[in-house]
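Thanks for coming, everyone. Have a look at the sequence and the model on the screen. I'll take you through it piece by piece.

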Protein chains: 2
Amino acid sequence: MVNFRYKQAQSVNENDFTSFDTLLKKADGYFREKNGLGNDFLGWRDLNVRVDSEEYKRIKACAKRIRENSDVLLVVGIGGSYLGARAVIEYLKTPYHNQLKTGDPEVYFVGNSFSGNELNSVLALCEGKRVSINVISKSGTTTESAVAFRILREYMEKRYGREEAALRIIATTDANRGALLSLAKQEGYECFVIPDDVGGRFSVLTAVGLLPAAVAGIDTDALLNGAVAQREKIFESGINSPVYKYAVLRNIMLSHGKSVEVLVSYDPDFRFMGEWFKQLFGESEGKDKKGLFPASVTYSSDLHSLGQFVQDGSPILFQTICRAATNDADSPVVPFDEENGDGLNFISGMTMDEINEKAMLGTLLAHRDGGTDSVIIDFGGKDAYSLGELIYFFFAACAISGYILEVNPFDQPGVEAYKKNMFTLLGKPGYESGKDELLSEIASI
Amino acid sequence: MVNFRYKQAQSVNENDFTSFDTLLKKADGYFREKNGLGNDFLGWRDLNVRVDSEEYKRIKACAKRIRENSDVLLVVGIGGSYLGARAVIEYLKTPYHNQLKTGDPEVYFVGNSFSGNELNSVLALCEGKRVSINVISKSGTTTESAVAFRILREYMEKRYGREEAALRIIATTDANRGALLSLAKQEGYECFVIPDDVGGRFSVLTAVGLLPAAVAGIDTDALLNGAVAQREKIFESGINSPVYKYAVLRNIMLSHGKSVEVLVSYDPDFRFMGEWFKQLFGESEGKDKKGLFPASVTYSSDLHSLGQFVQDGSPILFQTICRAATNDADSPVVPFDEENGDGLNFISGMTMDEINEKAMLGTLLAHRDGGTDSVIIDFGGKDAYSLGELIYFFFAACAISGYILEVNPFDQPGVEAYKKNMFTLLGKPGYESGKDELLSEIASI
């Protein structure tokens, strides 16, 4: 169950919400009727992969096979093709999951940069371990992933021979076309689908996120069921649902002159959920010279880093706190110390998680007193079902918020600009025009 | 050698620089004469730990001993007591250094949050390995670190007995006072000094950062020598030095209405340098309702995340690109593929680092065309000397920039507010007042 609270957002009042009524109703209509901007990318709304689908059964069977025949899964993908899976795995299994010998395969994310150093490190970690690869790309020609995959394919074929390599490479790609699909067919890779109506940043609950998560030992049934439950709640409650409140609040903050939304968690394992959130909202709303700049922090760590700014710096931001309801049963207890040199005996017997909750509450009020508004998204906590609910909450909030902002929340035209220049500089066929101009500009940078 | 270029910052012209002349000269005076706000925290300016100091010799000897008798070093500290060391180690040794069996001890950073889960994970990773601890705290009572250290001290004494535990615990703390110093004296821990005139975020080149870095196998001589060289260059060149240009440019951007500075690297290993940067500038300038909100990204990864926003979103930001001059000799080469299904043969034979450079150049121009300004900080690259230069560059830039902004760059009064509330909620003796009010406020959150 996901809830939304904004009582401590002092700059906001109920009239602010009322003033968005018209836009909100329009946004709600677009979402329900699928007739807004970018409506052909609303496939995620109805979760085209569900626990009873054929595709999902194959995903689970494939994950089971990889868990049996591999010690390492390399996930090759960039943007939405890696952030969601990495976020889910790190939150539910900890960022240390590759080092803790839990019996689950290690999962590494590569092909999301041009760092040769990173690829070398990960290959070094594969030594002596059985490796499978999940290459994730709609087209198969996204340069970062394609470069890494070319190198990794050569590695796999050298190591296993072409035939066994083909059994150890799984392609998640377009159902009908593209370079990766062609290669997969030629080589006989098992394939999963990136649906045409689901953009990268909304794809974590498709094969894109589910296969790596299942390999890592995540309960993907629960993840999907949580999302389905959240979906139903939103459709039931409509514009009174917490997700709509949050979507409107973001736009209220923008209208009050805020330019940055800081996503806050008190759990370091949530860090990559923050990265996922930044893509989801940044790419959906950062267009037409609009949008809140999305940032993320881990408290209380970053209270000793960005906390000063939040408390007393330029008043350009508000905070959205993701608050997990449940504490960890294994949370260490502060021991009693006869000598009490550090003066901590007043909290001896408390768990670290209990202290963490007090830190959250105290900080919320301190920031409020400093003039910085915070709102709270309550969710169940560190289990797959609750995370599924939270993910769907953010999906829907992003759609509604983007519609209220009057942008197309589902395109990303600005991502092409750097690619075009890069291709020209790299000499890609078809991108010759303007090369001289570009080179002369570069000479004077 | 660190350089600064701003030719592609189209919104900036030379008159903008001139308009800051008076403030700049004032700032320069404060820096040289040590007579500005917070001048008693300028200890880092002259690098009170140098390669020829007694303290530094002891740091190296201690690191050597830990490298011989330990497989793992746990660094207990928060904020400036961990960000710098972690940043240096991850950049120079990769974020995978704890997993790659290089022969260097593993180094984990704990006590920087109240996450019991994280502490449990790290303790699980210590199983069967020889452990030492470096606890870093000026007072010894910073709650996050003190809680973790209480738990870890118990762990060490149970595992090694009190006597050997004392040989395996090293305290970096105040020279003359505080709970940690008292305990260290009582138990006989070796101690290193956090100087009185160096704040946490400026402490990476003291024992705070140097001991963990040296244990991880970093060439700390080179790190310090790079910083010393950069220091000398700044004092030689004065207000014509790149560091002053960058400091002024940040204030120009603020005066042009920008509210966010995005630190950009094209190397995923630089990520924690971004975190370190965020504390350095956020805590130094985020006060009196002023300051640029510091963010950081790793490209080209995040071009598929925040790239859309930077290209075409709300025009509230500018970018500072940290560009490493040298490429990695081991950067993988894109193999040739007869079939060329992915269409990448136009870059076959190129290294990933070479492609990365073209991505950087193409992106810079694409963002400029979208109306987003970028400036470039060139530095030597992935070696300790060059990183030392870069660190000192940022230190000095932060001081000058903060003076131009007319704040005290060296205090952090806003960090206390959350602690006060937290202590009241936790029932810390001396913090009783206002508890009822706080509790009633919390009840209505």
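**Where the chains meet**

In this model, 132 residues of chain A are in contact with 132 residues of chain B. Contact here means heavy atoms within 4.5 Å. A word on the ground rules: this is a predicted model, local features need pLDDT of at least 70, side-chain atom pairs count only at pLDDT 80 or more, and totals for chains, interfaces and linings use all residues. Residues are numbered from 1 along each chain as its sequence is written, chains are lettered from A and ligands numbered from 1 in the order in which they are written, and side-chain values use heavy atoms, leaving out hydrogens and water.

How much area is buried between chain A and chain B? About 11200 Å², with carbon and sulfur atoms giving 61%. Buried area is the accessible area (1.4 Å probe) that two parts lose on being put together, summed over both. On chain A's side, A:R150, A:H304 and A:I445 supply 9% of the area buried against chain B, more than any other three residues.

Now the charges. Chain A and chain B share nine salt bridges. A salt bridge is a side-chain nitrogen of Lys or Arg within 4 Å of a carboxyl oxygen of Asp or Glu. One joins A:D342 to B:R150, with the closest N and O atoms 2.6 Å apart. Helix α13 (residues 352–370) of chain A gives 14 residues to the side that touches chain B, the largest share. Helices are DSSP runs (H or I, at least four residues), numbered from the N terminus.

**Inside chain A**

Chain A is divided into domain 1 (3–35 + 226–404) and domain 2 (44–218). Those bounds come from an automatic or database domain assignment. The C-alpha centres of the two domains lie 30 Å apart. Between them, about 2500 Å² is buried, and carbon and sulfur atoms give 68% of that. There are three salt bridges between these domains. Look also at A:E283 and A:R201: their side chains meet in a salt bridge (3.0 Å, N to O). On the domain 1 side, α11(A) brings nine residues, the largest share.

**A bent helix in chain B**

Last stop: helix α6 (residues 143–168) of chain B. Its end C-alpha atoms span only 22 Å, while a straight helix of 26 residues would span 38 Å at 1.5 Å a residue. The expected span is 1.5 Å times one less than the number of residues. Where does α6(B) bend? At B:G161, by about 115°. That bend is the angle between axes fitted to the seven residues ending there and the seven starting there.

Notes. Helix = DSSP H or I, 4+ residues; strand = E, 2+ residues; numbered from the N terminus.
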